[in-house]
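Dear colleague,

I am passing on a structure that you have not worked with before. Please open it alongside this message, and then read on for what was found in it.

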Amino acid sequence: MARLVRELHLPCVTGPHAVPEGRSAVVVGGGLAGVAAATVLAERGVDVTLVEREGFMGGRAGAWSERLSSGESFEMERGFHAFFRQYYNLRALLRRIDPELELLVPLEDYPILGPDGEVQSFRDLPRRTPFNVMSLTARSPALGLADLLRVNGRRALEMLTYDAGRTYGRRDHMSAGEYLDSLRFPPRARRLLFDVFSHSFFNPEREMSAGELLMMFHFYFTGNPEGLVFDVARRPFSRSIWEPFERYLEDLRVTMRMGESARAIERVGEGGWRVRTDEGRVEADSVVLAVTVPALQDLVAESPDLGEPEWRHRIESLELTNPFAVWRLWLDRPTERGRAPFVGTTGLGPIDNISLYHLFEDESRQWYERHGGAIVELHAYAVATGTDDEQLKIQLLGALHALYPETRNSRILEQRYLVRQDCPAFAPGSYASRPPVETPFDGVTVAGDFVKLPIPSALMERAVASGFLAANYLLARDRVLSEPIRSIPPRGLLAGVPS
Ligand SMILES: Cc1cc2nc3c(=O)[nH]c(=O)nc-3n(C[C@H](O)[C@H](O)[C@H](O)COP(=O)(O)OP(=O)(O)OC[C@H]3O[C@@H](n4cnc5c(N)ncnc54)[C@H](O)[C@@H]3O)c2cc1C
(Lines give C-alpha, C1' and ligand atoms only; values in the text may rest on other atoms or scores of the structure.)
Protein backbone atom coordinates (compact mmCIF):
# COMPACT_ATOMS: atom_id res chain seq x y z
CA MET A 1 0.00 0.00 0.00
CA ALA A 2 1.38 3.41 -0.94
CA ARG A 3 2.68 5.87 1.63
CA LEU A 4 0.03 8.35 0.61
CA VAL A 5 -2.88 6.18 1.70
CA ARG A 6 -4.97 7.80 4.42
CA GLU A 7 -6.70 5.75 7.11
CA LEU A 8 -9.68 7.60 8.50
CA HIS A 9 -11.83 6.63 11.44
CA LEU A 10 -15.30 7.69 10.43
CA PRO A 11 -17.16 8.32 12.60
CA CYS A 12 -14.25 8.88 14.96
CA VAL A 13 -14.75 6.25 17.64
CA THR A 14 -11.94 4.52 19.51
CA GLY A 15 -13.75 2.31 21.99
CA PRO A 16 -13.76 -1.48 22.40
CA HIS A 17 -13.42 -3.81 19.41
CA ALA A 18 -16.71 -5.67 19.91
CA VAL A 19 -20.33 -4.79 20.66
CA PRO A 20 -22.05 -5.96 23.86
CA GLU A 21 -23.70 -9.35 23.47
CA GLY A 22 -27.07 -9.52 21.78
CA ARG A 23 -26.73 -6.77 19.17
CA SER A 24 -28.29 -7.61 15.83
CA ALA A 25 -28.45 -6.19 12.29
CA VAL A 26 -30.17 -6.99 9.00
CA VAL A 27 -28.15 -6.22 5.89
CA VAL A 28 -30.38 -6.03 2.81
CA GLY A 29 -28.43 -6.72 -0.39
CA GLY A 30 -25.52 -9.14 -0.92
CA GLY A 31 -23.47 -7.07 -3.37
CA LEU A 32 -20.10 -5.61 -2.45
CA ALA A 33 -21.63 -2.86 -0.30
CA GLY A 34 -23.80 -5.30 1.68
CA VAL A 35 -21.03 -7.87 2.11
CA ALA A 36 -18.62 -5.15 3.30
CA ALA A 37 -21.14 -4.00 5.91
CA ALA A 38 -22.04 -7.56 6.97
CA THR A 39 -18.35 -8.46 7.32
CA VAL A 40 -17.46 -5.58 9.62
CA LEU A 41 -20.60 -5.92 11.73
CA ALA A 42 -20.19 -9.68 12.16
CA GLU A 43 -16.47 -9.33 12.96
CA ARG A 44 -17.42 -6.94 15.78
CA GLY A 45 -19.84 -9.43 17.32
CA VAL A 46 -23.13 -8.28 15.79
CA ASP A 47 -25.60 -11.05 15.00
CA VAL A 48 -26.11 -10.40 11.27
CA THR A 49 -28.81 -11.60 8.87
CA LEU A 50 -28.08 -10.98 5.19
CA VAL A 51 -31.10 -10.86 2.86
CA GLU A 52 -30.31 -11.17 -0.86
CA ARG A 53 -32.90 -11.22 -3.63
CA GLU A 54 -30.92 -13.42 -6.03
CA GLY A 55 -29.78 -16.98 -5.55
CA PHE A 56 -26.15 -15.85 -5.84
CA MET A 57 -23.99 -13.30 -4.06
CA GLY A 58 -22.18 -10.31 -5.48
CA GLY A 59 -24.89 -8.28 -7.22
CA ARG A 60 -23.38 -6.53 -10.23
CA ALA A 61 -20.04 -8.20 -9.46
CA GLY A 62 -21.72 -11.59 -9.01
CA ALA A 63 -21.48 -14.81 -11.00
CA TRP A 64 -23.73 -17.78 -11.63
CA SER A 65 -23.33 -21.20 -13.23
CA GLU A 66 -24.49 -21.92 -16.77
CA ARG A 67 -23.91 -24.71 -19.30
CA LEU A 68 -22.61 -24.58 -22.83
CA SER A 69 -24.41 -26.71 -25.44
CA SER A 70 -21.50 -29.17 -25.13
CA GLY A 71 -22.61 -29.78 -21.54
CA GLU A 72 -19.53 -28.05 -20.07
CA SER A 73 -20.44 -25.79 -17.18
CA PHE A 74 -19.04 -22.28 -16.82
CA GLU A 75 -19.51 -19.24 -14.64
CA MET A 76 -21.25 -16.30 -16.26
CA GLU A 77 -20.78 -12.77 -14.91
CA ARG A 78 -22.07 -9.28 -15.56
CA GLY A 79 -18.81 -8.64 -17.38
CA PHE A 80 -15.14 -7.83 -17.06
CA HIS A 81 -14.14 -5.87 -13.91
CA ALA A 82 -10.92 -3.93 -13.32
CA PHE A 83 -9.56 -4.01 -9.75
CA PHE A 84 -7.49 -0.84 -9.47
CA ARG A 85 -4.61 -0.67 -7.03
CA GLN A 86 -6.05 2.32 -5.15
CA TYR A 87 -9.16 0.32 -4.29
CA TYR A 88 -7.78 0.09 -0.75
CA ASN A 89 -11.09 -0.69 0.95
CA LEU A 90 -12.00 -3.37 -1.58
CA ARG A 91 -8.56 -4.89 -1.14
CA ALA A 92 -8.91 -4.80 2.66
CA LEU A 93 -12.23 -6.61 2.28
CA LEU A 94 -10.80 -9.22 -0.10
CA ARG A 95 -7.84 -9.84 2.25
CA ARG A 96 -10.35 -11.35 4.69
CA ILE A 97 -10.68 -14.32 2.33
CA ASP A 98 -7.32 -14.11 0.55
CA PRO A 99 -4.63 -12.37 2.64
CA GLU A 100 -2.08 -12.24 -0.22
CA LEU A 101 -4.69 -11.27 -2.83
CA GLU A 102 -3.68 -14.23 -4.95
CA LEU A 103 -7.03 -14.06 -6.69
CA LEU A 104 -5.81 -10.99 -8.58
CA VAL A 105 -3.41 -10.90 -11.48
CA PRO A 106 -1.95 -7.65 -12.90
CA LEU A 107 -2.58 -6.40 -16.42
CA GLU A 108 0.48 -4.46 -17.52
CA ASP A 109 -1.33 -2.22 -19.97
CA TYR A 110 -4.77 -1.57 -21.30
CA PRO A 111 -4.31 0.26 -24.55
CA ILE A 112 -7.05 2.35 -26.08
CA LEU A 113 -7.57 1.36 -29.72
CA GLY A 114 -9.20 3.65 -32.26
CA PRO A 115 -9.91 3.50 -35.98
CA ASP A 116 -7.01 3.47 -38.47
CA GLY A 117 -4.56 1.82 -36.10
CA GLU A 118 -4.65 4.51 -33.38
CA VAL A 119 -3.22 3.26 -30.07
CA GLN A 120 -2.91 5.10 -26.76
CA SER A 121 -0.90 3.15 -24.21
CA PHE A 122 -0.87 3.60 -20.43
CA ARG A 123 2.05 1.25 -19.84
CA ASP A 124 4.86 2.40 -17.51
CA LEU A 125 3.48 5.86 -16.85
CA PRO A 126 5.09 7.60 -13.87
CA ARG A 127 2.87 7.22 -10.83
CA ARG A 128 3.06 10.75 -9.53
CA THR A 129 1.29 13.86 -10.68
CA PRO A 130 2.28 16.00 -12.59
CA PHE A 131 4.82 13.60 -14.18
CA ASN A 132 2.09 11.13 -15.21
CA VAL A 133 0.09 13.91 -16.90
CA MET A 134 3.20 15.25 -18.67
CA SER A 135 4.26 11.80 -19.83
CA LEU A 136 0.77 10.85 -21.06
CA THR A 137 0.45 14.10 -22.99
CA ALA A 138 3.92 13.78 -24.48
CA ARG A 139 3.36 10.22 -25.70
CA SER A 140 -0.15 10.78 -27.05
CA PRO A 141 -0.11 10.25 -30.84
CA ALA A 142 -3.00 12.69 -31.16
CA LEU A 143 -1.47 15.73 -29.44
CA GLY A 144 1.16 18.00 -30.96
CA LEU A 145 2.70 21.15 -29.48
CA ALA A 146 0.37 23.39 -31.50
CA ASP A 147 -2.60 21.45 -30.10
CA LEU A 148 -1.31 21.86 -26.58
CA LEU A 149 -1.02 25.61 -27.01
CA ARG A 150 -4.71 25.76 -27.92
CA VAL A 151 -5.83 23.77 -24.85
CA ASN A 152 -7.77 25.74 -22.23
CA GLY A 153 -5.11 25.49 -19.51
CA ARG A 154 -7.21 27.02 -16.78
CA ARG A 155 -9.95 24.46 -17.27
CA ALA A 156 -7.46 21.59 -17.63
CA LEU A 157 -5.85 22.65 -14.33
CA GLU A 158 -9.08 21.71 -12.56
CA MET A 159 -8.03 18.08 -12.98
CA LEU A 160 -5.17 18.82 -10.58
CA THR A 161 -7.06 21.02 -8.12
CA TYR A 162 -9.81 18.62 -7.02
CA ASP A 163 -11.41 19.65 -3.77
CA ALA A 164 -14.88 18.21 -3.13
CA GLY A 165 -16.50 21.46 -1.92
CA ARG A 166 -15.00 23.65 -4.62
CA THR A 167 -15.14 21.18 -7.52
CA TYR A 168 -18.74 20.11 -7.05
CA GLY A 169 -19.72 23.70 -6.16
CA ARG A 170 -18.38 24.95 -9.49
CA ARG A 171 -18.89 22.07 -11.84
CA ASP A 172 -21.72 19.86 -10.65
CA HIS A 173 -24.25 21.74 -12.77
CA MET A 174 -22.12 21.42 -15.92
CA SER A 175 -22.17 18.20 -17.93
CA ALA A 176 -19.00 16.13 -18.38
CA GLY A 177 -19.43 16.62 -22.14
CA GLU A 178 -19.50 20.42 -21.81
CA TYR A 179 -16.44 20.35 -19.57
CA LEU A 180 -14.50 18.16 -22.00
CA ASP A 181 -15.52 20.40 -24.93
CA SER A 182 -14.30 23.43 -23.01
CA LEU A 183 -10.78 21.95 -22.76
CA ARG A 184 -10.42 22.48 -26.53
CA PHE A 185 -8.48 19.26 -27.14
CA PRO A 186 -8.35 18.27 -30.81
CA PRO A 187 -11.20 15.78 -31.49
CA ARG A 188 -8.89 12.79 -31.94
CA ALA A 189 -7.02 13.44 -28.68
CA ARG A 190 -10.30 14.08 -26.87
CA ARG A 191 -11.56 10.69 -28.04
CA LEU A 192 -8.40 8.76 -27.23
CA LEU A 193 -7.77 10.33 -23.85
CA PHE A 194 -11.24 10.99 -22.49
CA ASP A 195 -14.03 9.03 -24.20
CA VAL A 196 -13.20 5.67 -22.69
CA PHE A 197 -12.62 7.25 -19.32
CA SER A 198 -15.94 9.05 -19.18
CA HIS A 199 -17.82 6.03 -20.56
CA SER A 200 -16.40 3.71 -17.92
CA PHE A 201 -18.88 5.14 -15.45
CA PHE A 202 -21.79 3.96 -17.63
CA ASN A 203 -23.22 7.50 -17.91
CA PRO A 204 -23.44 9.31 -21.28
CA GLU A 205 -21.12 12.31 -20.96
CA ARG A 206 -23.88 14.80 -21.81
CA GLU A 207 -25.88 13.46 -18.86
CA MET A 208 -23.08 13.14 -16.32
CA SER A 209 -21.95 15.81 -13.86
CA ALA A 210 -18.60 17.44 -14.65
CA GLY A 211 -17.99 17.59 -10.88
CA GLU A 212 -18.30 13.80 -10.74
CA LEU A 213 -15.99 13.43 -13.77
CA LEU A 214 -13.35 15.63 -12.09
CA MET A 215 -13.61 13.52 -8.94
CA MET A 216 -13.05 10.43 -11.13
CA PHE A 217 -9.98 12.04 -12.76
CA HIS A 218 -8.59 12.70 -9.32
CA PHE A 219 -9.43 9.23 -8.04
CA TYR A 220 -8.14 7.26 -11.04
CA PHE A 221 -5.34 9.46 -12.33
CA THR A 222 -4.18 12.81 -10.99
CA GLY A 223 -4.60 12.01 -7.28
CA ASN A 224 -3.92 8.29 -7.51
CA PRO A 225 -0.50 7.29 -6.12
CA GLU A 226 -0.76 3.72 -7.48
CA GLY A 227 -0.63 4.48 -11.21
CA LEU A 228 -3.19 3.56 -13.83
CA VAL A 229 -2.47 -0.16 -14.00
CA PHE A 230 -5.04 -2.55 -12.59
CA ASP A 231 -5.53 -6.20 -11.70
CA VAL A 232 -8.15 -8.68 -12.83
CA ALA A 233 -9.57 -11.79 -11.17
CA ARG A 234 -7.78 -14.90 -12.37
CA ARG A 235 -10.79 -17.08 -11.60
CA PRO A 236 -14.56 -16.49 -11.94
CA PHE A 237 -15.89 -14.20 -9.20
CA SER A 238 -18.04 -17.00 -7.80
CA ARG A 239 -15.02 -19.25 -7.14
CA SER A 240 -12.51 -16.59 -6.16
CA ILE A 241 -14.67 -14.18 -4.15
CA TRP A 242 -18.20 -15.23 -3.35
CA GLU A 243 -17.84 -18.88 -2.33
CA PRO A 244 -14.98 -17.98 0.06
CA PHE A 245 -17.07 -15.07 1.41
CA GLU A 246 -20.05 -17.31 2.04
CA ARG A 247 -17.78 -19.56 4.12
CA TYR A 248 -16.21 -16.58 5.89
CA LEU A 249 -19.59 -15.09 6.81
CA GLU A 250 -20.99 -18.47 7.86
CA ASP A 251 -17.99 -18.90 10.18
CA LEU A 252 -18.95 -15.55 11.70
CA ARG A 253 -22.48 -16.98 12.17
CA VAL A 254 -24.10 -14.67 9.63
CA THR A 255 -27.50 -16.01 8.60
CA MET A 256 -27.79 -15.91 4.80
CA ARG A 257 -31.31 -15.61 3.40
CA MET A 258 -30.71 -16.02 -0.32
CA GLY A 259 -33.41 -15.68 -2.97
CA GLU A 260 -35.50 -13.52 -0.64
CA SER A 261 -36.57 -9.93 -1.37
CA ALA A 262 -36.97 -7.25 1.26
CA ARG A 263 -40.23 -5.33 0.76
CA ALA A 264 -40.42 -2.77 3.59
CA ILE A 265 -38.96 -1.85 6.93
CA GLU A 266 -40.85 -0.70 9.99
CA ARG A 267 -40.10 0.34 13.54
CA VAL A 268 -40.61 -2.23 16.23
CA GLY A 269 -40.44 -1.97 20.03
CA GLU A 270 -37.91 0.32 21.67
CA GLY A 271 -35.58 1.44 18.87
CA GLY A 272 -35.65 -1.78 16.83
CA TRP A 273 -36.51 -2.45 13.19
CA ARG A 274 -38.39 -5.17 11.32
CA VAL A 275 -37.60 -6.02 7.68
CA ARG A 276 -40.56 -7.54 5.87
CA THR A 277 -39.61 -9.81 2.98
CA ASP A 278 -41.58 -11.76 0.39
CA GLU A 279 -41.09 -14.84 2.59
CA GLY A 280 -41.41 -13.56 6.12
CA ARG A 281 -39.79 -11.05 8.43
CA VAL A 282 -36.68 -10.48 10.48
CA GLU A 283 -36.18 -8.13 13.41
CA ALA A 284 -32.98 -6.46 14.55
CA ASP A 285 -31.55 -3.38 16.28
CA SER A 286 -30.25 -1.94 13.04
CA VAL A 287 -30.57 -2.19 9.26
CA VAL A 288 -28.21 -1.55 6.34
CA LEU A 289 -29.99 -0.93 3.05
CA ALA A 290 -27.42 -1.96 0.40
CA VAL A 291 -29.63 -2.52 -2.63
CA THR A 292 -29.84 -1.05 -6.13
CA VAL A 293 -31.41 2.38 -6.69
CA PRO A 294 -34.89 1.18 -7.81
CA ALA A 295 -35.01 -1.41 -5.01
CA LEU A 296 -34.15 1.26 -2.45
CA GLN A 297 -36.84 3.56 -3.84
CA ASP A 298 -39.43 0.75 -3.66
CA LEU A 299 -38.40 -0.14 -0.11
CA VAL A 300 -38.63 3.45 1.06
CA ALA A 301 -41.97 3.96 -0.71
CA GLU A 302 -43.35 0.93 1.19
CA SER A 303 -41.91 2.06 4.55
CA PRO A 304 -43.92 4.94 6.07
CA ASP A 305 -41.75 4.76 9.20
CA LEU A 306 -38.88 6.15 7.10
CA GLY A 307 -40.92 9.31 7.01
CA GLU A 308 -38.53 12.24 6.93
CA PRO A 309 -39.56 14.28 3.82
CA GLU A 310 -36.16 15.80 2.96
CA TRP A 311 -34.46 12.39 3.08
CA ARG A 312 -37.28 10.72 1.13
CA HIS A 313 -36.84 13.38 -1.52
CA ARG A 314 -33.11 12.54 -1.74
CA ILE A 315 -33.92 8.87 -2.33
CA GLU A 316 -36.69 9.65 -4.83
CA SER A 317 -34.42 11.91 -6.85
CA LEU A 318 -31.83 9.16 -7.45
CA GLU A 319 -31.85 7.82 -11.01
CA LEU A 320 -30.44 5.00 -13.09
CA THR A 321 -28.33 5.72 -16.11
CA ASN A 322 -28.70 4.11 -19.56
CA PRO A 323 -28.49 0.34 -20.01
CA PHE A 324 -25.23 -1.45 -20.81
CA ALA A 325 -24.68 -4.54 -22.96
CA VAL A 326 -22.25 -7.40 -22.37
CA TRP A 327 -21.76 -9.95 -25.15
CA ARG A 328 -19.56 -12.99 -24.47
CA LEU A 329 -18.58 -15.04 -27.52
CA TRP A 330 -16.95 -18.43 -27.79
CA LEU A 331 -15.11 -18.42 -31.17
CA ASP A 332 -13.70 -21.38 -33.05
CA ARG A 333 -10.42 -19.65 -33.99
CA PRO A 334 -7.78 -18.05 -31.80
CA THR A 335 -7.00 -14.37 -31.70
CA GLU A 336 -3.59 -13.30 -32.95
CA ARG A 337 -0.62 -13.71 -30.63
CA GLY A 338 0.31 -10.58 -28.68
CA ARG A 339 -3.23 -9.22 -28.33
CA ALA A 340 -3.82 -7.45 -25.01
CA PRO A 341 -6.17 -9.25 -22.60
CA PHE A 342 -8.21 -6.05 -22.28
CA VAL A 343 -8.44 -2.97 -24.49
CA GLY A 344 -10.59 0.13 -24.38
CA THR A 345 -11.94 1.25 -27.73
CA THR A 346 -12.97 4.59 -29.14
CA GLY A 347 -14.35 6.02 -32.35
CA LEU A 348 -15.80 2.67 -33.43
CA GLY A 349 -19.46 3.12 -32.61
CA PRO A 350 -21.05 1.87 -29.39
CA ILE A 351 -18.30 -0.59 -28.40
CA ASP A 352 -16.31 0.43 -25.30
CA ASN A 353 -13.94 -2.44 -24.68
CA ILE A 354 -12.82 -5.93 -25.68
CA SER A 355 -11.65 -8.58 -23.21
CA LEU A 356 -9.96 -11.82 -24.23
CA TYR A 357 -10.97 -14.06 -21.35
CA HIS A 358 -8.84 -17.03 -22.43
CA LEU A 359 -5.76 -14.85 -21.81
CA PHE A 360 -6.34 -14.11 -18.13
CA GLU A 361 -9.09 -16.24 -16.58
CA ASP A 362 -8.39 -19.88 -15.77
CA GLU A 363 -11.79 -21.36 -16.61
CA SER A 364 -11.71 -19.73 -20.06
CA ARG A 365 -8.07 -20.73 -20.54
CA GLN A 366 -9.01 -24.36 -19.82
CA TRP A 367 -11.77 -24.19 -22.43
CA TYR A 368 -9.24 -22.74 -24.89
CA GLU A 369 -6.79 -25.56 -24.10
CA ARG A 370 -9.51 -28.13 -24.77
CA HIS A 371 -10.95 -26.59 -27.94
CA GLY A 372 -8.61 -23.91 -29.35
CA GLY A 373 -10.49 -20.77 -30.36
CA ALA A 374 -11.08 -17.75 -28.16
CA ILE A 375 -13.46 -16.38 -25.52
CA VAL A 376 -14.12 -12.74 -26.25
CA GLU A 377 -16.28 -10.28 -24.35
CA LEU A 378 -17.55 -7.06 -25.91
CA HIS A 379 -19.04 -4.25 -23.80
CA ALA A 380 -21.15 -1.24 -24.74
CA TYR A 381 -21.93 1.25 -21.98
CA ALA A 382 -24.45 4.08 -21.86
CA VAL A 383 -26.47 2.42 -24.63
CA ALA A 384 -29.22 4.73 -25.92
CA THR A 385 -32.62 3.61 -24.64
CA GLY A 386 -34.60 1.81 -27.33
CA THR A 387 -31.49 0.56 -29.17
CA ASP A 388 -32.24 -2.57 -31.17
CA ASP A 389 -30.25 -5.54 -29.84
CA GLU A 390 -29.61 -7.12 -33.25
CA GLN A 391 -28.39 -3.77 -34.60
CA LEU A 392 -26.13 -3.32 -31.58
CA LYS A 393 -24.66 -6.81 -32.04
CA ILE A 394 -23.88 -6.04 -35.69
CA GLN A 395 -22.02 -2.89 -34.60
CA LEU A 396 -20.13 -4.67 -31.82
CA LEU A 397 -19.07 -7.49 -34.11
CA GLY A 398 -18.11 -5.01 -36.85
CA ALA A 399 -15.79 -3.22 -34.42
CA LEU A 400 -14.24 -6.53 -33.30
CA HIS A 401 -13.59 -7.49 -36.93
CA ALA A 402 -12.09 -4.06 -37.68
CA LEU A 403 -9.69 -4.15 -34.74
CA TYR A 404 -8.90 -7.88 -34.74
CA PRO A 405 -9.21 -8.89 -38.43
CA GLU A 406 -8.32 -12.51 -37.58
CA THR A 407 -11.79 -12.88 -36.02
CA ARG A 408 -13.59 -12.11 -39.31
CA ASN A 409 -13.67 -15.75 -40.32
CA SER A 410 -14.34 -17.12 -36.86
CA ARG A 411 -17.55 -18.99 -36.21
CA ILE A 412 -19.50 -18.13 -33.07
CA LEU A 413 -19.81 -21.45 -31.26
CA GLU A 414 -21.67 -20.12 -28.26
CA GLN A 415 -22.76 -16.75 -26.96
CA ARG A 416 -24.33 -14.99 -23.98
CA TYR A 417 -25.80 -11.53 -24.39
CA LEU A 418 -26.94 -9.43 -21.42
CA VAL A 419 -28.54 -6.02 -21.42
CA ARG A 420 -29.16 -4.58 -17.97
CA GLN A 421 -30.03 -1.22 -16.55
CA ASP A 422 -29.04 -0.98 -12.91
CA CYS A 423 -26.06 1.38 -12.74
CA PRO A 424 -26.62 4.72 -11.00
CA ALA A 425 -26.84 8.03 -12.82
CA PHE A 426 -24.62 10.93 -11.76
CA ALA A 427 -26.61 13.64 -13.51
CA PRO A 428 -25.52 17.28 -13.54
CA GLY A 429 -26.82 18.97 -10.40
CA SER A 430 -27.40 15.72 -8.47
CA TYR A 431 -24.59 16.12 -5.93
CA ALA A 432 -26.44 18.33 -3.43
CA SER A 433 -29.35 15.91 -3.02
CA ARG A 434 -27.32 12.66 -3.24
CA PRO A 435 -27.97 10.73 0.00
CA PRO A 436 -25.05 10.00 2.32
CA VAL A 437 -24.62 6.77 4.29
CA GLU A 438 -26.24 8.12 7.46
CA THR A 439 -30.00 8.54 7.52
CA PRO A 440 -32.21 10.56 9.87
CA PHE A 441 -33.31 7.24 11.46
CA ASP A 442 -31.32 5.88 14.36
CA GLY A 443 -30.10 2.39 13.41
CA VAL A 444 -30.65 2.68 9.63
CA THR A 445 -27.87 3.31 7.09
CA VAL A 446 -27.65 3.19 3.29
CA ALA A 447 -24.77 1.77 1.24
CA GLY A 448 -24.00 1.33 -2.45
CA ASP A 449 -21.98 2.81 -5.29
CA PHE A 450 -24.47 5.68 -5.65
CA VAL A 451 -24.16 7.25 -2.15
CA LYS A 452 -22.28 10.44 -1.36
CA LEU A 453 -19.01 9.67 0.41
CA PRO A 454 -16.62 11.97 2.28
CA ILE A 455 -13.68 10.60 0.24
CA PRO A 456 -12.98 10.37 -3.50
CA SER A 457 -14.11 6.93 -4.64
CA ALA A 458 -15.97 5.15 -7.44
CA LEU A 459 -17.66 1.93 -8.55
CA MET A 460 -16.63 -1.23 -6.64
CA GLU A 461 -14.46 0.78 -4.25
CA ARG A 462 -17.27 3.21 -3.52
CA ALA A 463 -19.60 0.29 -2.81
CA VAL A 464 -17.17 -1.25 -0.31
CA ALA A 465 -16.20 2.04 1.36
CA SER A 466 -19.90 2.87 1.80
CA GLY A 467 -20.51 -0.58 3.31
CA PHE A 468 -17.69 -0.12 5.82
CA LEU A 469 -19.00 3.33 6.68
CA ALA A 470 -22.57 2.03 7.07
CA ALA A 471 -21.29 -0.57 9.56
CA ASN A 472 -19.21 2.07 11.38
CA TYR A 473 -22.23 4.32 11.97
CA LEU A 474 -24.10 1.41 13.51
CA LEU A 475 -21.11 0.35 15.63
CA ALA A 476 -20.73 3.95 16.85
CA ARG A 477 -24.06 3.60 18.67
CA ASP A 478 -22.16 1.32 21.09
CA ARG A 479 -18.97 3.40 20.82
CA VAL A 480 -17.20 0.47 19.20
CA LEU A 481 -13.93 1.03 17.31
CA SER A 482 -14.58 1.71 13.65
CA GLU A 483 -13.18 -0.09 10.62
CA PRO A 484 -10.61 2.26 9.04
CA ILE A 485 -11.79 3.88 5.82
CA ARG A 486 -8.82 4.05 3.47
CA SER A 487 -8.46 6.80 0.93
CA ILE A 488 -6.11 8.37 -1.57
CA PRO A 489 -5.31 12.04 -0.78
CA PRO A 490 -8.70 13.70 -0.57
CA ARG A 491 -7.58 16.84 -2.45
CA GLY A 492 -5.66 17.42 -5.66
CA LEU A 493 -1.94 18.23 -5.75
CA LEU A 494 -2.66 21.88 -6.62
CA ALA A 495 -5.90 22.19 -4.66
CA GLY A 496 -4.58 25.24 -2.78
CA VAL A 497 -3.84 27.15 -5.99
CA PRO A 498 -6.50 29.80 -6.68
CA SER A 499 -8.12 29.29 -10.09
C1 LIG B 1 -20.67 -4.59 -16.94
C2 LIG B 1 -20.10 -3.98 -15.70
C3 LIG B 1 -18.75 -3.75 -15.61
C4 LIG B 1 -18.20 -3.15 -14.48
N5 LIG B 1 -16.86 -2.94 -14.41
C6 LIG B 1 -16.33 -2.40 -13.31
C7 LIG B 1 -14.93 -2.24 -13.20
O8 LIG B 1 -14.19 -2.57 -14.12
N9 LIG B 1 -14.43 -1.70 -12.05
C10 LIG B 1 -15.24 -1.30 -11.02
O11 LIG B 1 -14.74 -0.82 -10.00
N12 LIG B 1 -16.57 -1.46 -11.09
C13 LIG B 1 -17.13 -1.98 -12.21
N14 LIG B 1 -18.49 -2.13 -12.30
C15 LIG B 1 -19.33 -1.56 -11.20
C16 LIG B 1 -19.47 -2.52 -10.03
O17 LIG B 1 -19.95 -3.77 -10.47
C18 LIG B 1 -20.45 -1.89 -9.04
O19 LIG B 1 -20.01 -0.58 -8.71
C20 LIG B 1 -20.57 -2.66 -7.73
O21 LIG B 1 -20.63 -4.05 -7.95
C22 LIG B 1 -21.82 -2.17 -7.00
O23 LIG B 1 -21.99 -2.88 -5.79
P24 LIG B 1 -23.23 -2.56 -4.84
O25 LIG B 1 -23.14 -3.46 -3.70
O26 LIG B 1 -23.27 -1.08 -4.60
O27 LIG B 1 -24.54 -2.85 -5.72
P28 LIG B 1 -25.07 -4.23 -6.34
O29 LIG B 1 -23.93 -5.07 -6.77
O30 LIG B 1 -26.08 -3.84 -7.35
O31 LIG B 1 -25.77 -4.94 -5.09
C32 LIG B 1 -27.10 -4.72 -4.73
C33 LIG B 1 -27.67 -6.06 -4.27
O34 LIG B 1 -28.97 -5.87 -3.72
C35 LIG B 1 -29.76 -6.97 -4.12
N36 LIG B 1 -31.16 -6.56 -3.98
C37 LIG B 1 -31.85 -5.70 -4.77
N38 LIG B 1 -33.09 -5.56 -4.30
C39 LIG B 1 -33.20 -6.33 -3.21
C40 LIG B 1 -34.23 -6.58 -2.28
N41 LIG B 1 -35.44 -5.99 -2.38
N42 LIG B 1 -34.02 -7.44 -1.26
C43 LIG B 1 -32.80 -8.03 -1.14
N44 LIG B 1 -31.78 -7.83 -1.98
C45 LIG B 1 -31.96 -6.98 -3.00
C46 LIG B 1 -29.31 -7.23 -5.55
O47 LIG B 1 -29.69 -8.51 -5.99
C48 LIG B 1 -27.81 -7.06 -5.42
O49 LIG B 1 -27.17 -8.26 -5.06
C50 LIG B 1 -19.05 -2.74 -13.40
C51 LIG B 1 -20.42 -2.98 -13.48
C52 LIG B 1 -20.95 -3.59 -14.61
C53 LIG B 1 -22.42 -3.81 -14.66
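Before the helices are described, one convention is needed: axes are lines fitted to C-alpha atoms, for helices over the stretch in contact, and angles run from 0 to 180 degrees between N-to-C directions. Please also bear in mind throughout that this is a predicted model.

With that convention, the axes of α1 and α15 come within 7 Å and cross at roughly 35°, and the crossing in which α1 passes α15 is right-handed. On the α1 side the contact is made by Leu-32, Ala-33, Gly-34, Val-35, Ala-36, Ala-37, Val-40 and Leu-41, while α15 brings Met-460, Ala-463, Val-464, Ser-466, Gly-467, Phe-468, Ala-470, Ala-471 and Leu-474. Sorted by class, this contact of α1 with α15 holds 14 nonpolar and three polar residues, and no charged ones.

The crossing of α11 past α12 is left-handed. Here Leu-296, Gln-297 and Val-300 of α11 meet Arg-312, Ile-315 and Glu-316 of α12, and the residues of this contact divide into three nonpolar, one polar and two charged.

A further pair consists of α6 (residues 164–171) and α9 (residues 210–222), with axes that come within 7 Å and cross at roughly 145°. The residues that make the contact are Thr-167, Tyr-168 and Arg-171 from α6, together with Ala-210, Gly-211, Leu-214 and Met-215 from α9; by class, four are nonpolar, two are polar and one is charged.

As for the overall division of the chain, the assignment gives domain 1 (6–59 + 237–318 + 427–487), domain 2 (122–222) and domain 3 (322–420). The centres of domain 1 and domain 2, taken over C-alpha atoms, are separated by 33 Å, and the contact between these two domains takes eight residues from domain 1 and 13 residues from domain 2. On the side of domain 1 that touches domain 2, five residues are nonpolar and three are polar, with no charged residues.

Finally, two details of the backbone deserve a look. Most residues other than glycine have a negative phi, and most peptide bonds are trans. Against that background, the peptide bond from Leu-10 to Pro-11 is cis, with omega near -15°, and Pro-11 lies in the loop between β1 (6–8) and β2 (24–28). Leu-101, in turn, has a positive phi, near 50°, although this residue is not a glycine, and Leu-101 is found in the loop between α2 (88–94) and β7 (104–107).

Note on methods
Residues numbered from 1 in each chain as written. Predicted model: local features only at pLDDT ≥ 70, side-chain atom pairs only at ≥ 80, totals over all residues. Left-handed = near helix turned anticlockwise from the far one by under 90°. Helix = DSSP H or I, 4+ residues; strand = E, 2+ residues; numbered from the N terminus. Contact = placed C-beta atoms within 7 Å. Nonpolar A, V, L, I, M, F, W, Y, C, P; charged D, E, K, R; others polar. Domains from an automatic or database assignment.
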